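Welcome! Please take a look at the structure below, and then we can walk through it together.

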Amino acid sequence: MSGVWVFDKKGVTRLIPNPTRESFEQKDSLTHPGTATAPGTRPRFLVYLPENQVIRSYAELEQRLGELGWTRYYNPIGSDLLQFHRSDDSLDLISLPKSFANLKPLHMYDIVIKNRSFFEVRHTLA
């Protein structure tokens, strides 16, 4: 029996033999939209802690990272990534997808790990 087991709100499980994005969609998509990797999860937000600001664009993120000493790394070859580095002497590098819409929790946590006291990932906007 291969597939993915999904728990509903009442704790009942069901097996999805060949999972697709559509098979994970919640019936009540307005409250908790599902994704293919985490059905029913709430979206995550990157928050700049000193001002409790939710980062909603790369312009905002680049401004905050710049304040912390990060500079944009321009790849002469061209790439599908935006990259930021601390200095020429540092090995710290943050790589993000070109489109902010493709920013995943993995990328958010990379920013948090490299700037521990300045950023946080939250599950709600509260």
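Y58 counts as buried because its relative accessibility is 12%; buried means under 20% relative accessible area, exposed means over 50%, and partly exposed lies in between, using a 1.4 Å probe and protein chains only. This is a predicted model, where local features need pLDDT of at least 70 and side-chain atom pairs count only at pLDDT 80 or more, while totals for chains, interfaces and linings use all residues. Residues are numbered from 1 along each chain as its sequence is written, and side-chain values use heavy atoms, leaving out hydrogens and water.

Which residue forms an aromatic pair with Y58? The partner is F100, in an edge-to-face arrangement with 5.1 Å centre to centre and 85 degrees between the planes. Rings of Phe, Tyr and Trp (its six-membered ring) pair if their centres lie within 6.5 Å, and planes under 30 degrees apart count as stacked, over 60 as edge-to-face and the rest as tilted. By this rule there are two aromatic pairs. F100 counts as partly exposed because its relative accessibility is 25%.

## The buried side of α2

Helix α2 covers residues 58-67 and holds R64. Helices (H or I, at least four residues) and strands (E, at least two) are DSSP runs, numbered from the N terminus. The buried residues of α2 are Y58, L61, R64 and L65. They sit on the same side of α2, because they cover an arc of only 130 degrees around the axis; the arc is that of the directions from the helix axis to the C-beta atoms. An α-helix has 3.6 residues a turn, so residues three or four places apart point the same way.

Is R64 buried or exposed? R64 counts as buried because its relative accessibility is 7%. Not counting residues up to four places away in sequence, R64 touches Y48, E51, Q53, I55 and F119, where contact means heavy atoms within 4.5 Å. The cover over the buried residues of α2 includes β3, β4, β6 (81-85), β7 (93-97), α3 and β8. Just after α2 comes G69, with a positive phi of about 95 degrees.

## A three-stranded sheet

An open sheet is formed by three strands in the order β4-β3-β8, with antiparallel pairing. Its edge strands, β4 (53-54) and β8 (119-122), each pair on one side only. Helix α3 (residues 105-114) packs on this sheet and touches β3 and β8, its direction making about 150 degrees with that of β8. Axes are lines fitted to C-alpha atoms, for helices over the stretch in contact, and angles run from 0 to 180 degrees between N-to-C directions.

Strand β3 (residues 45-48) is joined to β4 by two bridges, and two strands pair if DSSP finds at least two bridges between them. Y48 stands opposite Q53 in β4.

## The β1-β2 hairpin

Strands β1 (residues 4-7) and β2 (residues 13-16) pair in the antiparallel sense over four bridges. V6 has R14 in β2 as its bridge partner. The two strands β1 and β2 make a hairpin with five residues between them, and G11 in the turn has a positive phi of about 90 degrees.

## The whole chain

The protein chain has three helices and eight strands. From the N terminus on, the order is β-β-α-β-β-α-β-β-β-α-β. Of its 126 residues, 25% are buried.
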